[in-house]
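Hi there,

Here is the structure I promised to pass on to you. My notes on its sheets and on one helix pair follow below.

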Amino acid sequence: MNESEASIYPNILLISPFWNISRYFLKYANVYYYYPKHFHTYQWYIHRLPARLKYHFSRIPQKIVNGMGYIFNPPHGFTKDIRADMIDAVIITDPTWCNFDLNKFKNAISIYWSLDNIYRTSLIHDLTLIYMEKFDYVFSAHRETVNIFSETGAKAFWLPYFYDPEMNFPMNIEKSIDVSFVGNIYGRRKEYISFLKDKLVNHSYFFGNAYQKDQNEIYNRSKIVINFPNVGELNQRVFEALGSGSFLLTGESKETSEIFNDKEDLVYFSDAEDLLEKINYFLSRDYERANISSNGHLKVLKHHTIESRIVDMLNVTGLIKNNTSENLSMVGTKVP
């Protein structure tokens, strides 16, 4: 953008360990990116100690947890000079972990984007940061926590996960893997994977972790991609798998069903036996799989990219107005 165009865009200070998302903000704002260095050091373990204590000793009042936050996560300054008078909004994304001192930005809108709060300790930590800093807006990736965040006094919205079309996209390659799951294998996932390995002896499969750059190829090579929600949440794997153009079998989830339709965008399973039955059914029905995966891909491409989430956030907070982007799809609902 030229100098005259830049003057009409809001100036945003973005604090996030994910520097790559700044390029999407740059389409709608002047962005000053700041990297929270504690994200890749062990210091963030210290920052989260109050949340872990609250998790193990739930009777500890939140006020005491907040006070402990100032001890174990004191207000962080900035290692480079940032002119507060020119910043219109400060956006902090989870998992930053650090309690940044925002007092110098009193005239700016403060926004917290909570992405991983399905885990109790993460939720407690996010709440502690919000109580300490008193954010104006909170955007949560999970609907169940919106009411909790609204109790801090912030305007709270549900803003579900998303996918990056530059990372997940359809590829014209052979479907050489029958079934895949990409991710950490623990808890109930171990039981599911062990069960499937015993039953799928005559099929090809991939179960385990992969680098981000390899994930999309694995999805594209897979006839069926599986997703195991941990606690009934709508997680990012749903969007990434559909973004790759893959056919997705995912555990039943109330949150997921608010956005995606069963046997139209993806297919739900209820337990291990139901999962196996649906794997066998859809492996023998290429056309049906292709039709469902195409619907799912078109839906996320139109409404659930990272850019669409950023547009929603900037619209709701008033940082941009009357935007007519086709990606605009405010799924989140403000809690009165």
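Two strands are taken as paired if DSSP finds at least two bridges between them, and the elements themselves are DSSP runs numbered from the N terminus, with helices being H or I of at least four residues and strands E of at least two. Please keep in mind that this is a predicted model, where local features need pLDDT of at least 70, side-chain atom pairs count only at pLDDT 80 or more, and totals for chains, interfaces and linings use all residues. Residues are numbered from 1 along each chain as its sequence is written, and side-chain values use heavy atoms, leaving out hydrogens and water.

**The six-stranded sheet**

Strand β1 (residues 11–15) runs parallel to strand β3 (residues 89–93), and 4 bridges join them. Within this pair, L14 stands opposite I91 in β3. Both strands belong to an open sheet of 6 strands with parallel pairing, ordered β2-β1-β3-β4-β5-β6. At its edges are β2 (30–34) and β6 (155–158), each of which pairs on one side only. From one strand to the next, the twist averages 20°. Helix α14 (residues 306–316) lies across β1, β3, β4 (109–114), β5 (137–140) and β6, and runs at about 145° to β4. For such angles, axes are lines fitted to C-alpha atoms (for helices over the stretch in contact), and values run from 0 to 180 degrees between N-to-C directions.

**The five-stranded sheet**

A further open sheet has 5 strands, again parallel in pairing, in the order β8-β7-β9-β10-β11. Its edge strands, β8 (205–208) and β11 (267–269), each pair on one side only. Here the twist averages 25° from one strand to the next. Strand β7 (residues 177–182) pairs with β8 in the parallel sense over 4 bridges, and F181 stands opposite F207 in β8. Helix α12 lies across β7, β9 (222–227), β10 (248–251) and β11, at about 150° to β11.

**The helix pair**

What angle do α8 and α12 make where they pack? Helix α8 (residues 188–199) and helix α12 (residues 272–283) pack at about 45°, with their axes 10 Å apart. The two are therefore oblique to each other (under 35 degrees counts as roughly parallel, over 145 as roughly antiparallel, 65 to 115 as roughly perpendicular, and the rest as oblique). In α8, Y192, F195, L196 and K199 meet A272, E273, L275, L276 and I279 of α12, with contact meaning heavy atoms within 4.5 Å.

Best wishes
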